[in-house]
Amino acid sequence: MNAPERKPTPAEALEKLLGVMAKLRSPDGGCPWDREQTFATIAPFTIEEAYEVADAIAGGDVAAIREEVGDLLFQVVFYAQIAREAGQFDFAEVAQGIAEKMERRHPHVFDLDADKPDSASAQVSAWEAVKDAERQSKGEPKQPASVLDGVARALPALTRAEKLTKRAARHRFDWATADQVLGKIEEEIAELRAEMKAGSLKDRVSDELGDLLLAVANLGRKLEVDPEAALRAANDKFTRRFQRVEALLRERGKVPSESTLEEMDALWDQVKLEERR
């Protein structure tokens with residue numbers, strides 16, 4: 001009987017991946033597409049890969065999660081290789097830097113003499129205090145120019161809205177209750193309706209719609225519901241229900257373009273009832 005194949009160590013597997021990336025970028029026999037890439041050109045792929053990880057997790061498929069996490073790791077290796085070629089930094093510096101940062105920002109775990117936070121909220125406050133100290137050690141102001149600094153503009157808009165309002169809430173700029181946020185949503189709906197009724201220019205309507213969406217994201221935060229995740233779930237539900245409507249129409253020899261709104265709306269209600277059984 002043959003002995004089972006030895007599983008590579010993490011260090012060996014990572015060394016192989018770094019070698020693959022170096023070969024892909026090599027001017028001698030490498031891949032033309034990979035050689036042409038820059039930080040800016042691969043950034044969109046990184047975002048896409050992160051979403052694919054989230055989709056795999058939502059699907060509960062462990063094999064898919066492993067594959068998508070690997071794709072995301074490849075993105076990190078890609079950045080490190082580009083930087084190494086330019087003499088900026090390499091993968092070891094990236095890994096060492098994040099390891100040191102996590103140790104520094106978790107003194108309650110890695111420093112036996114450090115105070116131990118007694119709750120998640122206390123840990124968040126301690127985390128922010130460490131970040132302030134890091135900025136000061138770099139010669140930056142102890143406090144950023146704005147408490148909203150650092151919330152990445154490239155985040156999905158709903159996610160960024162939730163994070164912006166969370167940051168502001170830490171500094172007491174917040175509604176006391178979720179009901180008050182609902183009141184704000186109703187106010188924004190009224191303002192949007194007024195602009196629509198007045199036949200306002202598209203940018204005025206867009207502005208009011210944006211205010212409404214921000215208020216909805218803020219409500220999600222107050223309810224401790226991730227608005228981005230909630231909308232993704234709603235998208236999935238809409239897709240599932242509409243595809244069921246299409247299936248029911250096919251049983252009648254029809255497609256949506258050949259059906260009336262009233263017929264499809266009745267089928268939509270039927271699908272909702274099916275899901276409740």
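Which residues are exposed on the other side of helix 12?

**Figure 1. Overview of the protein chain, a predicted model.** Residues are numbered from 1 along each chain as its sequence is written. Because this is a prediction, local features need pLDDT of at least 70, side-chain atom pairs count only at pLDDT 80 or more, totals for chains, interfaces and linings use all residues, and side-chain values use heavy atoms, with hydrogens and water left out. The protein chain has twelve helices and zero strands. Helices (H or I, at least four residues) and strands (E, at least two) are DSSP runs, numbered from the N terminus. The radius of gyration of the protein chain is 25 Å, whereas a compact globule of 277 residues would have a value near 19 Å. This radius is taken over C-alpha atoms, and the globule rule is 2.2 Å times the number of residues to the power 0.38. Along the principal axes, the C-alpha atoms fill a box of roughly 60 × 60 × 45 Å. Of the 277 residues, 23% count as buried. Buried means under 20% relative accessible area, exposed means over 50%, and partly exposed lies in between (1.4 Å probe, protein chains only). Among contacts with a separation of 6 or more, 48% join residues 24 or more positions apart; a contact means heavy atoms within 4.5 Å.

**Figure 2. Helix 12 and its two sides.** Helix 12 covers residues 261–276, and its 16 residues should span 22 Å at 1.5 Å a residue; its end C-alpha atoms are 23 Å apart, which agrees. The expected span of a helix is 1.5 Å times one less than its number of residues. The buried residues in helix 12 are Glu263, Met264, Leu267, Trp268 and Val271. They cover an arc of only 140° around the axis, so they lie on the same side of helix 12. The arc is that of the directions from the helix axis to the C-beta atoms. Helix 11 is included in what covers these buried residues. On the other side of helix 12, Glu262 and Arg276 are exposed.

**Figure 3. Helix 3 and its packing against helix 4.** The 21 residues of helix 3 (residues 39–59) should span 30 Å at 1.5 Å a residue, and the end C-alpha atoms are 30 Å apart, which agrees. Ile42, Thr46, Glu49, Val53 and Ala56 are buried in helix 3. They are on the same side of helix 3 because they cover an arc of only 85° around the axis. The buried residues of helix 3 pack against helix 4 (62–85). The face turned away from the buried side carries the exposed residues Ala40, Asp55, Ala58 and Gly59. Glycine 60 follows helix 3 and has a positive phi, near 70°.

**Figure 4. Glutamate 195 in helix 9.** Helix 9 comprises residues 178–197 and contains glutamate 195. Glutamate 195 has a relative accessible area of 12%, and therefore counts as buried. Its side chain makes a polar contact with the side chain of serine 200 (2.3 Å). A polar contact is a pair of N or O atoms within 3.5 Å; within protein, one must be able to donate a hydrogen and the other to accept it, and residues adjacent in sequence count only if both atoms are side-chain atoms. Not counting residues up to four places away in sequence, glutamate 195 touches Ser200, Arg204, Val205 and Glu208.

**Figure 5. Serine 146 in the loop between helix 7 and helix 8.** This loop joins helix 7 (120–137) and helix 8 (157–170). Serine 146 counts as partly exposed, at 27% relative accessibility. A polar atom of the side chain of serine 146 lies 3.0 Å from the backbone nitrogen of leucine 148. The C-alpha atoms of serine 146 and alanine 168 are separated by 9.8 Å, although the two residues are 22 residues apart along the chain.

Figure 6. Most residues other than glycine have a negative phi. Arginine 172 sits in the loop between helix 8 and helix 9 and is exposed, with a relative accessible area of 81%. The loop between helix 10 (202–222) and helix 11 holds glutamate 224, which is exposed at a relative accessible area of 76%.
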